Amino acid sequence: MSASIAISKTPDVQYLLRIGDSCLIMAQRLAEWCGHAPVLEEDIALTNMALDLVGQARAVLTRAGELEGRSGGTAHDEDQLAFLRDERDFLNLTLVELPRGDFAVTVLRNAAMATWLKLLWQRLEASSDAELAGIAGKAVKEARYHQQHAADWMIRLGDGSDESAHRLRDALALLWPYFAEMFESDEVDAFAADTGLGPSRAELREAWTAEMLPLLAESGLTPPAERAFRSTGTRGRHSEHMGYILAEMQHLQRTFAGAAW
Amino acid sequence: MSHPESGPSAGPPQAGPHPLGGSTGVPAGRGADMSHEWPLWEVFVRAKSGLDHKHCGSLHAADPKMAIQLARDVYTRRQEGTSIWVVRSDQIVASDPGEKGSYFDPMEDKVYRHPTFYELPKSLDHM
């Protein structure tokens, strides 16, 4: 059994872990569709996107591990960060750890996250960290496609049968409260914005809303009212679903340390 | 418990499942009734500029935009392409397989239709 690692709490590392972990856990959820998507072609599309997100997570976690070493902590590689961290040390948005739900939940979450990630990558292309800027330049193309794919499906479901429209409405009611965390800002965001590492999440709100509201309207959806509820995954406090996803994701490396094939 | 593993062929989704409870969420009808199937599209991919688009397979999609997107995901995910064409399979007019004999066999013994009887000048290396 591999022991857990302790991670650096410096703000630059935390900022990168929030991004990398959101990609990683989102990928894990999307990959659950492998073999179960509504049609074969869509099965391949969803798993393609999961692999894109794994690629983004690998690059960002690798960079986060390097920065740990540089700021005087212990450097870690991508595998250690993905497989040997405890739940509280994962800093992904709570939104991405929620169960994949039905196809409407998946499509809506994909649209919200792809839009958010696209806007984030666009800004990270100008990051003061050249490594991160390079990762963003590649990732932004992938996010753009993910966004288009998900947006098309939202409109199809919203404008489809009564069944698909009501499932999409249910999905929005379910996920909407979790969108707020995408735009919460704290001292980590402030550090990133001050140093030019990347935008604070609050900076993304306006652009995200400008892209999502027309899409919601075209999909026949009305945005629900703002709620006081705030999820706290980016602070390491997760929903009840997180432990299960980590158990599945980490089991092999925890049991057989360094296993490879 | 409604289970996502039941898959699309298991019939219409159960009434009112919780959105996190699984099931596919796509309008019912695939399976028994073929008239609800998405139409079939033929996919042509160009590997690099300068080359022809080559037929590489087919897929089901609801409309042209979806067909192009799915073709991208199904047929170019290993860097096979720089351009994609799709065409509705029912829009392709094909020769009749029953006429194969009368259409193609007569060409069998017409070797003189190949330009292989010319002496080529030495300066032409590659023909």
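Helices here are DSSP runs of H or I with at least four residues, numbered from the N terminus. With that in hand, we can say that helix 3 of chain A gives the most to the lining of the largest pocket, with five residues. Keep in mind that this is a predicted model. The predictor gives the complex an ipTM of 0.78 and a pTM of 0.84.

**The largest pocket**

- The space inside the largest pocket comes to about 650 Å³.
- There are 24 lining residues, and those closest to the pocket's centre are A:Asp79, A:Ala82, A:Phe83, A:Met249 and A:Gln253.
- Four elements of chain A give two or more residues each to this lining: helix 1 (11-31), helix 2 (40-70), helix 3 (78-83) and helix 10 (242-255).
- Sorted by class, the lining holds 14 nonpolar residues, five polar ones and five charged ones.

**The second largest pocket**

- This one has a volume of about 450 Å³.
- Residues from chain A and chain B line it: A:Asn48, A:Leu51, A:Asp52, A:Lys138, A:Lys141 and A:Glu142 on one hand, and B:Arg72, B:Asp73, B:Thr76, B:Arg77 and B:Gln79 on the other.
- Helix 2 and helix 6 (130-158) of chain A, plus helix 1 (64-75) of chain B, each give two or more residues to the lining.
- As for class, you'll find seven charged residues, three polar ones and one nonpolar one here.

**Helix 1 of chain B**

- Let's check the length of this helix: it has twelve residues, and at 1.5 Å a residue they should span 16 Å.

- B:Thr76 sits in the loop between helix 1 and strand 3 of chain B. Its relative accessible area is 15%, and buried means under 20%, so B:Thr76 counts as buried.
- Leaving out residues up to four places away in sequence, B:Thr76 touches B:Val45, B:Ala71, B:Gly81 and B:Ile84.
- A:Thr47 is part of helix 2 of chain A. With 18% relative accessibility, A:Thr47 counts as buried too.
- A:Thr47 and A:Ala37 are ten residues apart along the chain, and their C-alpha atoms are separated by 9.5 Å.
- A:Phe229 is in the loop between helix 9 (205-218) and helix 10 of chain A. At 35% relative accessibility, A:Phe229 is partly exposed.
- Beyond its neighbours within four places in sequence, A:Phe229 is in contact with A:Pro177 and A:Tyr178.
- A:Phe229 is 218 residues from A:Pro11 in sequence, and their C-alpha atoms are 25 Å apart in space.

**How confident is the predictor about chain B?**

- The average pLDDT of chain B is 77, and 71% of the residues score at least 70.
- Residues 1-19 of chain B have a pLDDT below 50, and this stretch has 28 contacts in the model beyond near neighbours in sequence.
- Residues 21-32 of chain B are also below 50, with 37 contacts in the model beyond near neighbours in sequence.

Definitions and conventions. Residues are numbered from 1 along each chain as its sequence is written. Chains are lettered from A and ligands numbered from 1 in the order in which they are written. This is a predicted model: local features need pLDDT of at least 70, side-chain atom pairs count only at pLDDT 80 or more; totals for chains, interfaces and linings use all residues. Side-chain values use heavy atoms; hydrogens and water are left out. On a 1 Å grid over the protein atoms alone, a cavity is a set of points where a 1.4 Å probe fits but cannot get out, and a pocket is an open set with protein on both sides within 12 Å along at least five of seven lines; lining residues have an atom within 4 Å of a point. Grid points are joined across faces, edges and corners, and a volume is the space filled by probe spheres set on the points. Ala, Val, Leu, Ile, Met, Phe, Trp, Tyr, Cys and Pro count as nonpolar, Asp, Glu, Lys and Arg as charged, and the others, Gly among them, as polar. The expected span of a helix is 1.5 Å times one less than its number of residues. pLDDT is the predictor's confidence in each residue, from 0 to 100. Contact means heavy atoms within 4.5 Å. Buried means under 20% relative accessible area, exposed over 50%, partly exposed in between (1.4 Å probe, protein chains only).
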